[in-house]
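Student: I have a structure to look at and some questions about it. Can we go through them together?

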Amino acid sequence: MTKRPEEIALMAAAGKLLAEVFAHLDRLDLIGMTTMQVNDLVDGFIVHTLDARPASKGQYGFAYAMNTSRNDVVCHGVPSATEVLQNGDIVNFDITLEKDGYIADSSKTYLVGDVAGEARRLVQVTYEAMWKGIRAVRPGARLGDVGHAIERHARRHGYAVVREYCGHGIGREMHEPPQVLHWGRPRTGLVLREGMVFTIEPMLNAGRNAVRTEDDGWTVVTCDGALSAQFEHTVAVTGSGVRVLTLRAGEKMPD
């Protein structure tokens with residue numbers, strides 16, 4: 001469950017490359033693009049520009065380089081040649097990248113064009129909630145502290161935390177122990193130790209937290225049709241606190 005310093009260094013290298021993928025996406029005008037076009041751009045960028053592997057491709061039979069979850073899609077959205085990103089949408093791109101045998105995992109919810117204030121607020125609070133969870137990470141803390149920090153921030157702003165999906169350990173495999181819940185009670189759960197590496201990836205809904213999986217077996221949507229947003233980083237527990245391995249250029253932990 002813990003990683004050696006040299007393993008964390010390799011994961012940080014993969015995380016730095018993954019940050020470049022998001023920087024590439026940041027420069028795109030997403031309006032009018034299909035989610036499949038975005039997927040194909042990401043796939044090519046990872047393989048041909050970064051000389052790495054899109055770790056989601058082929059994992060559990062999934063055929064694509066990323067998940068594309070738009071509006072009321074909570075997670076695991078499947079890229080489509082007919083799904084066109086429209087002005088006013090929000091869309092989460094969840095991407096994993098493997099380099100030299102180690103995997104980094106991160107996601108970001110994008111605002112497409114002129115997005116309504118209510119949707120902007122959901123996206124902002126979800127981003128803040130992720131950082132609340134990250135700030136709770138340190139040796140001797142417990143996973144319940146992480147989940148509690150996230151849920152408390154979400155509830156304070158009137159949002160529901162999805163409970164069916166969680167963060168996870170990561171390393172040579174995409175999903176390793178432990179499970180990292182985005183809700184919980186303080187001072188409960190697994191004690192964090194230096195060298196642990198896992199993802200924190202809260203999904204917040206503007207309505208109820210109930211979700212369902214569509215007939216494709218992948219796409220998870222809100223039961224009430226409300227908007228959902230998600231952010232994710234891969235983090236490592238350090239001797240003094242936490243290191244974000246997928247930190248993007250210009251991004252820093254909020255105060």
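Student: Which residues line the second largest pocket?

Tutor: First, this is a predicted model, where local features need pLDDT of at least 70, side-chain atom pairs count only at pLDDT 80 or more, and totals for chains, interfaces and linings use all residues. Residues are numbered from 1 along each chain as its sequence is written, and side-chain values use heavy atoms, leaving out hydrogens and water. A pocket is an open set of points on a 1 Å grid over the protein atoms alone, where a 1.4 Å probe fits, with protein on both sides within 12 Å along at least five of seven lines; lining residues have an atom within 4 Å of a point. Here the lining is Lys 108, Thr 109, Leu 111, Arg 120, Val 123, Gln 124, Tyr 127, Phe 231, Arg 248 and Glu 251.

Student: Which element gives the largest share of that lining?

Tutor: Helices (H or I, at least four residues) and strands (E, at least two) are DSSP runs, numbered from the N terminus. Two elements give two or more residues to the lining of the second largest pocket: strand 5 (102-111) and helix 3. The largest share, 4 residues, comes from helix 3.

Student: How far does helix 3 reach from its first C-alpha to its last?

Tutor: Helix 3 covers residues 117-135, which is 19 residues. The expected span is 1.5 Å times one less than the number of residues. That gives an expected 27 Å, and the helix comes close to it, reaching 27 Å.

Student: Is Asn 71 buried or exposed?

Tutor: Asn 71 sits in the loop between strand 2 (66-70) and strand 3. Its phi is positive, near 60°, in a residue other than glycine. Buried means under 20% relative accessible area, exposed over 50%, and partly exposed in between (1.4 Å probe, protein chains only). At 18%, Asn 71 is buried.

Student: What is the relative accessible area of His 76?

Tutor: His 76 lies in the loop between strand 3 and strand 4 (90-99). It also has a positive phi, about 65°, although it is not a glycine. His 76 is among the residues closest to the centre of the largest pocket. It is partly exposed, with a relative accessible area of 27%.

Student: Where is the cis peptide bond from Pro 177 to Pro 178, and in which strand is Pro 178 found?

Tutor: The bond from Pro 177 to Pro 178 has omega near 5°, so look there for the cis form. Pro 178 is found in strand 8 (residues 176-180).
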